[in-house]
Each structure stands twice: as C-alpha cells, then as structure tokens.
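Subject: Structure handover

Hello,

Here is the structure I promised to pass on to you. Please open it alongside this note, and I'll go through what turned up.

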Amino acid sequence: MTRSVYVTGIDRGDGRQVVELGIMELLTRQTGRVGVYRPLLHDAPDRLFDLLKARYRLDQDAASAVGMEYHEASVVLAEKGTDELVSRLVDRYHRAARAYDVMLVLGTDYADTNLPDELALNARLANELGAVVVPVVGGTKQTAESVRAEARNAYRAYESLGCEVVAMVVNRVAKEDRDVIAERLAARLPVPCYVLPDDKSLSAPTVAEITRALGGEVLLGDEAGLARDALDFVFGGAMLPNFLNALTPGCLVVTPGDRSDLVVGALAAHASGTPAIAGVLLTLNERPAPRILEMAAKLAPGTPVVSVAGNSFPTAGELFALQSRLNSATPRKLETALGLFERHVDTPELRGLLSVTRSERVTPMMFEHELLERARADRRRVVLPEGTEERVLRAADVVLRRGVCELTLLGEEQVVLKKAADLGIDIGGAQIIDPATSPLRERFAEYYAKARAHKGMTVELANDVVTDVNYFGTLMVQEGLADGMVSGSVHSTAATIRPAFEIIKTKPQASIVSSVFFMCLADRVLVYGDCAVNPDPNAEQLADIAVQSAATAAAFGVEPRIAMLSYSTGTSGSGADVDKVRKATEIVRQQRPDLAVEGPIQYDAAVEPSVAATKLPGSDVAGRATVLIFPDLNTGNNTYKAVQRSAGAVAVGPVLQGLRKPVNDLSRGALVQDIVTTVAITAIQAQNPAAAQ
C-alpha cells in the first residue's frame, strides 16, 4: 500500500512550502517513486508542483497531482455535502497513488477558500488517506508564548480528530526566540517539534518579481541581476551624501526617475561594494537621459534599473505587500529553504517517523542526496582555487546555503565579492584568500622549495609558483589548512593534479593515482575506472586501479563486485590485450582474496544476467558487476561518455583515488550541480581517508 505524508497547517502565512520542500527532499532520499497530491488548488498551474516535478525529476503529470479546484469544491460542498467532496478527493488520490511508493500530500492553504472548518477537512482527508500528519504553525510577528500556545493547540486539534500526528513544525519564528520556543515545546508535546527561524531572504521578492508585479520596464540589467533578492527598500529623496549613508546590503533603491544623481550614486556604491545593492526602481515614469544610462551600465554591469509609472507613495505600498514564493524560477531560494530545514530539523529522526521503507533501487537523485547528507554530517573544509569563476561561485552559494561543508575561495577578495554581488549570490560564509597577498605565501614557498629541492627549486622561484591558485590550494590541503580541493572548471586536468603529484603524493599502498566515475543509471549506481587519468596501464597498474576502485565504491555505499573488462570473456580469447587483463585479474585475487572479481569479461556479460548465464554460468560477479575496470583510457573514456549520453546516466566524477589527501578534478564543462556534488564527494573523502584511496 502506498504510504502518504500529509503536510497541513492551521492558518495562512505559515511558510509551509519550506516544510513541504524539506519533506520531499527526505522522501526522495528513500525511494525514487514519490508522487505529489494537492486535494484543492486555487488556479492552475500549481507552481509548487512544477517546482517539485522539475527539481526531483518526477514522472507525474500535473493533472493527476490535483484533486479539484476550490470553486468546484465549493459547488460540490454546497450541493452534495462534505462526504461527497471527501469521497471524490480520496478517489482521485488513489488513482494517482497507484503508481508510487509514497505520496506527499499538500494540505489546503486557508487563503480565500470559503470552506467551513478547513482544519477539520484536512484532518478528515488525512484520515481517509491513511496518512501520517505533520502540522505546521506560523510564528510571524508573534510572541514566544503565543507561538508555543498555538503549536500545542494545533497538535491537540489534529490529534483529537483522530490524526496520526508524527511531528510538528513551528516556522518563521523570530531568530532570538527560536531556542527558547524549541526547548519549551520539547517538554510539552508528545511528538518532536522542530522550530525554524524566519529567514528574510525567503520572503524577499526578487527584482524580477517586483518588475512583473508593478508592470515595470527593465531599462538596464541582466538575468542574474534581476534574480537578486530585494532585502530592503531605500527611498531616495535626500541629498546624495545622506542618501548613500542610508543604503543597506541587498536593498532596492526607489527614487524618482529624474534624480540622476541618486541613480549614479547608488550604482557607484554597488560598483565599490559599499554596499552591493539589488537594483534601482525609478518612479513617475521618468527616465534618466541616455548618457546617464550609458554611464550607469558601465558603472555596474548587470545591475537592474527598472522604470514604473506610479509615484513613490503608492509604489511603496505595493512593494511592502509583496512576498516571494518558492518556485522553479528562484533556485537560490530553494537552496536557502532546504538549508534552513536541514539545519533545524533532525532529519534522520523525521525520516524514521515518516516510516518510508528505503528502496533497493538507487536513483541518481537518491545517490546525490546521500552524498550531501554524508558531507553535512561531519563538515570539512574544501578549497576552491577558481574563486572568481561564475559556476564555482554559484556552486559555492549552494554549498553554503545547504551547509555541505566549509569553503575557502581563492582570488583577490574584492574581485570575488564584486563578482558574487553582480551574480546576486551570498558567499558571506566563505573564507576568501588571495594567494598573491596572503601571509601564507612565504610559508608555502619555503615548504615547496624544500620539497622540490632535488629538482633545483629555490625559495625565490617557489615564491612565484605558489601564487598559482592550484599550487596554493594544494599546499593548503597538504598543510592541513583545508581538508580537500576541487578545481578544473577552467583549468586542465594536468594543471589541477600536477601540484598534487608533486606535493601530496600517492598513498604508500597505491602505485598510481587513478580515477572513477559514479555512473548513476535509472535504478543503480555503477563505478567506472579509470576513465580520466592513465592512458595505458600495465597489468600491475590495472590491478591497482581495480583495488582502489573497489575501496572507493565501498566507501560510497556501493558493494564492490569487480569486472575486469576486455573484448573477450573467460578463456574465449587470446592476445596481448586480453592477457594483460587476465594477469591483472590474477594479481587482484592474490592481493585481495576477499574481493569478488571476474576477468577477462565483456561488458554485456558483466552487467546483464541473461548474457552472464550463457557466457559465465556460476560466476558471482558476471551479470551483477558494480565496479567495471576498463583496460585503457581510450576504452573507458569513450564508454562512460556513450553511456552518459545514450542511456541518460548521470556521471559523477572524475573522483581521484590513490592520493594521500583528496584533490578532485572537474570537467571544464561541469555544471553547477556537478561542482556541488564533487565538493560533497571531496568532503566525504576527507572524513574517511580510506575513501580517498
């Protein structure tokens, strides 16, 4: 029977989307077959469903995710009564739920619904669906005592109506009250109660949302600028010196369009970073002269300047009434919401309370979720040498918002901060170091000169070498100032890993450094090695790659069953290439008799049980291989790319193995999510040195 989780509230304005998103994240870590159902919807499309569908790669169509619209429900309720309404909603739920292991049910929103006793309706639906219930209580602008009373009353209300309440969430409380509320509710409720503080950035509208709501016209600005959050509003009317003193980080400047001095002054302040603003909103339908706009575009490229028709007073009223909602157009807010949820909710405890059985299938998203969760459980510091690159900064923003690990970015501080401000992202939690001016430069130069003295290196030469960001980052890892390094979004593989070969070196038990890709297929994760580093390993090196790859697989939750790949299976072929694989297989068996290994074996016999039954009957590995070792780089690299493109697999890597400390290389085409995942893997390797072997 499909398990369901019903997230509901007691009134509007509780910020419940954060909780719904967080619970969806938990559910998709357990199973790849999660569906969504909203009994009642105001108007299509359902933006939250669209968000969940896109983010979690749901195969569900929008029509099956909705019971009916509110206006239809009102008619049914008036003409046929509550029983008929509930019956129809439950029937539509079951039609949708057949295809899924678990359903996330999104309760009614209490907003202009005209439904009597909406809380009782939610309770009735939850009971009819057999769902466990997680009520959410909003704490905006309430005292600590009133929030506590409301949470207790909400629990009693749902419990008295027969609901199986497994946990409570109190959301959007004042930050200074959060700990006190959590402590007192823990003593007064029979179920766990998670208390989330208010985060202004979640409700702050973006400049794009403001522009749409006010019917504004974008005079200047790019997509990244329009995505900035307007954290505050500063209304320009004073003379320039006083006006500049009033600016706050992330504010939207609102000023009459004829105040060119304030426009230029605000953008100049942004350009200098004192402070970085969200943008400028011009009222009265007035526009600065073309020369002023040209100057503005050069002062702060990408920063939005928007014109609206109204004057400042009614515009202010509209601005203060605007609140952002989570949707697929605000990915940064999603990461903020998930980070908030994961910091203040005991996710292992809640996952247990939801009682969702973990699927034996491992989807790409489940694997990625597991990586983030493991990295977050024991936070380490990862250094990102390419600190001025857009994709790296966007990935850093996600990593920091989700609390995956601590970060160090390398680059000139003002350049890094300015680039982040222009992108509208917050990297305030990251350490920024400029190798050229850092006090560490002298220390690193002395270390490197000593380590490479046999190659003729001097302190004078080393003083220049260590300003290279990859050398500087590698030395931070070697000296224990960072636990791992990720680079390569704009640097070659050689430029990324050469410093590691020179400084960190290989582990004593590893003869070479090699790599693996985690190939996330629709229903399982395979480990491919080596597809990125060694062009033509000999038999001994191939055996070493197999042993290292098995250790990496085990460290990341993949039970290692090793297939030593070749163009023939068993004794069916001969020749130098087959003999190399056969010899490597024997070396693995001698060195590690505890490992399940088969070779030489063809790819189809390694992964397909029906082929294995014909070619290698009785093998413990054939048809069930999880670690696939390719005989050379040409074969491995082409195969992983073919599988990635033709089978729609997610390729995570390359993950380097064999180094004493973790350093990982990115593809120069790496997407932001690829960088986030690689950072998480590096942090996990740092948690357990065996994972980096």
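The lining of the largest pocket divides into 16 nonpolar, 11 polar and 16 charged residues (Ala, Val, Leu, Ile, Met, Phe, Trp, Tyr, Cys and Pro count as nonpolar, Asp, Glu, Lys and Arg as charged, and the others, Gly among them, as polar). Please keep in mind that this is a predicted model, in which local features need pLDDT of at least 70 and side-chain atom pairs count only at pLDDT 80 or more, while totals for chains, interfaces and linings use all residues. Residues are numbered from 1 along each chain as its sequence is written, and side-chain values use heavy atoms, with hydrogens and water left out.

The volume of the largest pocket is about 1200 Å³. A pocket here is an open set of points, on a 1 Å grid over the protein atoms alone, where a 1.4 Å probe fits, with protein on both sides within 12 Å along at least five of seven lines; lining residues have an atom within 4 Å of a point. Grid points are joined across faces, edges and corners, and the volume is the space filled by probe spheres set on the points. Of its 43 lining residues, Gln 17, Asp 109, Ser 324, Arg 325 and Leu 326 are the closest to the centre. Among the elements giving two or more residues to this lining are helix 1, helix 2 and strand 7 (helices are DSSP runs of H or I, at least four residues, and strands runs of E, at least two, numbered from the N terminus).

Helix 1 (residues 16-30) and helix 2 (residues 47-55) also pair up: their axes come within 12 Å and cross at roughly 25° (axes are lines fitted to C-alpha atoms over the stretch in contact, and angles run from 0 to 180 degrees between N-to-C directions). That makes helix 1 roughly parallel to helix 2 (angles under 35 degrees count as such). In their contact (heavy atoms within 4.5 Å), Gln 17, Glu 20, Leu 21, Met 24 and Glu 25 of helix 1 meet Leu 48, Leu 51, Leu 52 and Arg 55 of helix 2. Five of the residues in this contact are nonpolar, one is polar and three are charged.

Cis peptide bonds join Gly 599 to Pro 600, with omega about -5°, and Gly 653 to Pro 654, with omega about 5°. In strand 7 you will find Arg 172, which has a positive phi of about 65° although it is not a glycine.

Best wishes

Conventions
Parallel < 35°, antiparallel > 145°, perpendicular 65-115°, else oblique.
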